[in-house]
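Trainee: Could you walk me through this model before I start my notes?

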Amino acid sequence: MTQDFDSTPLIAEPPRPGSNLPEFSVGDLARALKRTIEDTYGFVRVRGEISQPKRHSSGHCYLRLKDETAVIEAVCWRGTVSKLAVAPEEGLEVIVTGRVTTYPGRSQYQLIIESMELAGEGALLKMLEERKRRLAAEGLFDQGRKKPIPFLPEVIGVVTSPTGAVIRDILHRLNDRFPRRVLLWPVAVQGDSAAAQVAAAIEGFNRLEPGGRVPRPDLLIVARGGGSLEDLMAFNEEVVVRAAASSRIPLISAVGHETDTTLIDFASDKRAPTPTAAAEMAVPVRAELLAQVLDDERRLMASAHRWIAERRTRVEGLARGLGDPRSLLEGHAQRLDDRAERLGMAVRALVERRRTRVGELGATLRHPREKLAQAEARLTSESRALAGALRHAVVAAEGKFERVAGRLSIRPAAIKIGEGGRRLTDLAPRVERGYRKLIEERAARVQALGQLLESYSYEGVLKRGYTVVRGADGKPVTEVAGATPGLAVTLQFHDGSAAAMVGGEAPVTEPPPKAAKPKPAEPSKAEPKKAVRAPAQGSLF
């Protein structure tokens, strides 16, 4: 950066006594030197090699210009850097235009750059070779990145000048070979803004959506006519090369004549020596395609006829080795009729055997009414036995009570209880009440035992949803091993019986579960309490 000084004239202090030299301050001397240099070198052109270029965070660019004998510091302000025709690079020989000034803060002079251009074709080629080497190291020129050119694109995008002869040559050549739809993106192909416009055109075509209002091209052609190396510099710029390498649409570069080579040629998917050649690469010749299709059609038809004739000859030869199909079918039809007749007879025989077997098994079964009558007789017998036992127990209890009462009534007046002198005859109402209570308790117990017996009866179990499975011999089937498939069984319910047959696969026998230990029977609430034994005659309580 520079420091501004005012333009006040240099005023020297008067000389000291004994000296004839005036005295200057440091600032006065610096201002004087600054005015002198700026007045003398207000506008200069300097040729030299760029050394140590550095872009500051503020946007300014600091560098050195050197040759074999000297070095000069140079600075390019932020507003000027973006307008330079050549980007400052290490080792690049350039010619800069600007003004010379001083920087008193470091006691140095420096060159303020206003413009920059290459010093000559040798320097330009050196810069291009260095840029080519650097971009190739990044992989922008690798063959693996290149995309195949479509055989017959529907839409072709062209990036070139709209006023030159290039676009007319391309359209004329496309119409001669195979007319296609062409989209032109007009750009400047020479000058400071040409590189940015070409890169923007390539990126713009790639941003188009397929199927949108503006169709997306299937192929891009970047074209320009011939010119000098300086005229083609726009297609050597790094921004253009990167845009061509990153294009998702296949791209053909056609810049200059056949002997001209630019860096975009290395980044494109295919290079054409001229714009006309690019149009020839883009589409095939329609007449040649039609001729090729007609020739392919003729050859295909001839091949098909030849193939059909060969297959017909082979089929005829194979047919001669075959027997009469009618005789073969007649033999198979007769065999089928025989099998059908035998199958019907076998089915009827099987049904008859099964009917006989069912009749035999049914004869061995006992009628459900007979089983119910037998069970009813057994239940009646057990009920009579239970009633007799109940009457016997009641009679025994009554006799025991009468004996006790008789012994107590022998001497009713002679027996006393304790010192109170109550007579034994006062106990008669109590004994009678105890007897009635004993009878009620015994009756309740007998009733509870009857209910318990009824719950243990298998008919009560059947009423809860269980069944008794009996085989053909009338015996219960109690194990799964006895339930073989096809066995005829009888299912006895609480209100009748029904015949059934065991189906499915052979049963899997599982070990029987361990029988749970029976819980001790709880005493019935109706069980009478132990009767108090009456005391013998003549004894006291």
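Trainee: What kind of model is it, and how are the residues numbered?
Mentor: It is a predicted model, in which local features need pLDDT of at least 70 and side-chain atom pairs count only at pLDDT 80 or more, while totals for chains, interfaces and linings use all residues. Residues are numbered from 1 along each chain as its sequence is written, and side-chain values use heavy atoms, with hydrogens and water left out.

Trainee: Okay, how many salt bridges are there?
Mentor: The count comes to 19 salt bridges, where the term stands for a side-chain nitrogen of Lys or Arg within 4 Å of a carboxyl oxygen of Asp or Glu.

Trainee: Which residue does Glu 117 pair with?
Mentor: Glu 117 forms its salt bridge with Arg 45, and the closest N and O atoms of the two are 3.3 Å apart. Glu 117 sits in strand S5 and Arg 45 in strand S1, so this pair ties together parts that are 72 residues apart in sequence. Helices (H or I, at least four residues) and strands (E, at least two) are DSSP runs, numbered from the N terminus.

Trainee: And is Arg 45 buried or exposed?
Mentor: Arg 45 is exposed, at a relative accessible area of 51%, whereas Glu 117 is partly exposed at 37%. Here buried means under 20% relative accessible area, exposed means over 50%, and partly exposed lies in between (1.4 Å probe, protein chains only).

Trainee: What about Arg 131, which residue does that one meet?
Mentor: The side chain of Arg 131 meets that of Glu 237 in a salt bridge, with 3.6 Å from N to O. This pair links distant parts of the chain, since Arg 131 is in helix H3 while Glu 237 is in the loop between strand S8 (219-224) and helix H6 (238-245), 106 residues apart. Arg 131 counts as buried with 4% relative accessibility, and Glu 237 counts as partly exposed with 22%.

Trainee: Where do Arg 242 and Glu 238 lie?
Mentor: Both lie in helix H6, four residues apart, about one turn of the helix. Salt bridges that share partners join Arg 134, Glu 138, Glu 238 and Arg 242 into one network. Within it, the side chains of Arg 242 and Glu 238 come to 2.9 Å, N to O. Arg 242 is partly exposed at 31%, and Glu 238 is partly exposed as well, at 24%.

Trainee: Switching topic, how many aromatic pairs are there?
Mentor: There are two aromatic pairs. Rings of Phe, Tyr and Trp (its six-membered ring) pair if their centres lie within 6.5 Å, and planes under 30 degrees apart count as stacked, over 60 as edge-to-face and the rest as tilted. One of the pairs is formed by Phe 141 and Phe 266, and it is tilted, with 5.6 Å centre to centre and 40° between the planes.

Trainee: Why does the pair of Trp 185 and Phe 205 get its label?
Mentor: Their ring centres are 5.2 Å apart and their planes stand at 70°, so the pair is edge-to-face. Trp 185 belongs to strand S7 (residues 181-186) and Phe 205 to helix H5 (residues 194-207), so parts that are 20 residues apart in sequence are tied together. Trp 185 counts as partly exposed at 31%, but Phe 205 counts as buried at 3%.

Trainee: Last topic, which residues have a positive phi without being glycine?
Mentor: Gln 52 is one of them, with phi near 55°, and its place is in strand S1 (residues 44-55). Ser 107 also has phi near 55°, and this serine lies in the loop between S4 and strand S5 (108-118), where Ser 107 is exposed at 71%.

Trainee: And where is Gly 256?
Mentor: Gly 256 lies in the loop between strand S9 (251-255) and H7, and this glycine is buried, with a relative accessible area of 2%. The C-alpha atoms of Gly 256 and Pro 275 are separated by 8.1 Å, although the two are 19 residues apart along the chain.
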